[in-house]
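Please keep the sequence and the model in view while reading.

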Amino acid sequence: MAASPRPEPTRTPGADRELRVDRGYRRRVHLDELTELMATTYGDRDSERGLASTIAWLTEEMGELAQAVRKGTREQQLHELGDVLAWIASLASQLGLSMDEAVSRYASGCPACGETPCRCPDMALS
Ligand SMILES: [Zn+2]
């Protein structure tokens, strides 16, 4: 039997709006956009609960991600990764920090040695 037809991903002229209907994810979201999205969607509730509660939820979601990595399906891993990123975005929002700015220190290679790939001694092996 032939596979059912899948809608093709589409783009709007703004470039950032790529739709990913094939996997159920609606569009690509950049990190600062994710922060705004989480602030708009959950900001009032998250701020009311406060930073300590956000850290607690983030930690719980990290545990769920670890479990999904160990014995979950790809879909479960994606789900938990999304939850972790959403809580990190909520934390960034509450702290007034830019996630794009936070990751920019990795944009030119390893922040310690400046190389891509990193040429730092592997501390895990020492
Ligand atoms: Zn390095």
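Helices α2 and α3 cross with left-handed geometry. The model is predicted. Two packed helices are described by the angle between their axes and the distance between the axes. For α2 and α3, the angle is about 160 degrees and the axes lie 9 Å apart. Angles over 145 degrees count as roughly antiparallel, so α2 and α3 are roughly antiparallel to each other.

The two partners and their residues in contact are set out below.

| Helix | Residue range | Contact residues |
|---|---|---|
| α2 | residues 51–71 | Leu51, Thr54, Trp57, Leu58, Glu61, Met62, Glu64, Leu65, Ala68, Val69 |
| α3 | residues 74–95 | Gln76, Gln77, Glu80, Leu81, Asp83, Val84, Trp87, Ile88, Ser90, Leu91, Gln94 |

By type, the residues of this contact between α2 and α3 comprise twelve nonpolar, five polar and four charged.

Read from the N terminus, the order is α-α-α-α.

How much of the protein chain is buried? Buried residues account for 11% of its 126 residues. Of the contacts between residues at least 6 apart in sequence, 43% join residues at least 24 apart.

One backbone detail remains. Most peptide bonds are trans. The bond from Thr116 to Pro117 is cis, and its omega is near 0 degrees. Pro117 sits in the segment after α4, the helix spanning 99–103.

Conventions
Residues numbered from 1 in each chain as written. Predicted model: local features only at pLDDT ≥ 70, side-chain atom pairs only at ≥ 80, totals over all residues. Axes fitted to C-alpha atoms, helices over the stretch in contact; angles between N-to-C directions. Helix = DSSP H or I, 4+ residues; strand = E, 2+ residues; numbered from the N terminus. Parallel < 35°, antiparallel > 145°, perpendicular 65-115°, else oblique. Left-handed = near helix turned anticlockwise from the far one by under 90°. Contact = placed C-beta atoms within 7 Å. Nonpolar A, V, L, I, M, F, W, Y, C, P; charged D, E, K, R; others polar. Buried ≥ 20, exposed ≤ 12 C-beta atoms within 10 Å, placed from the backbone.
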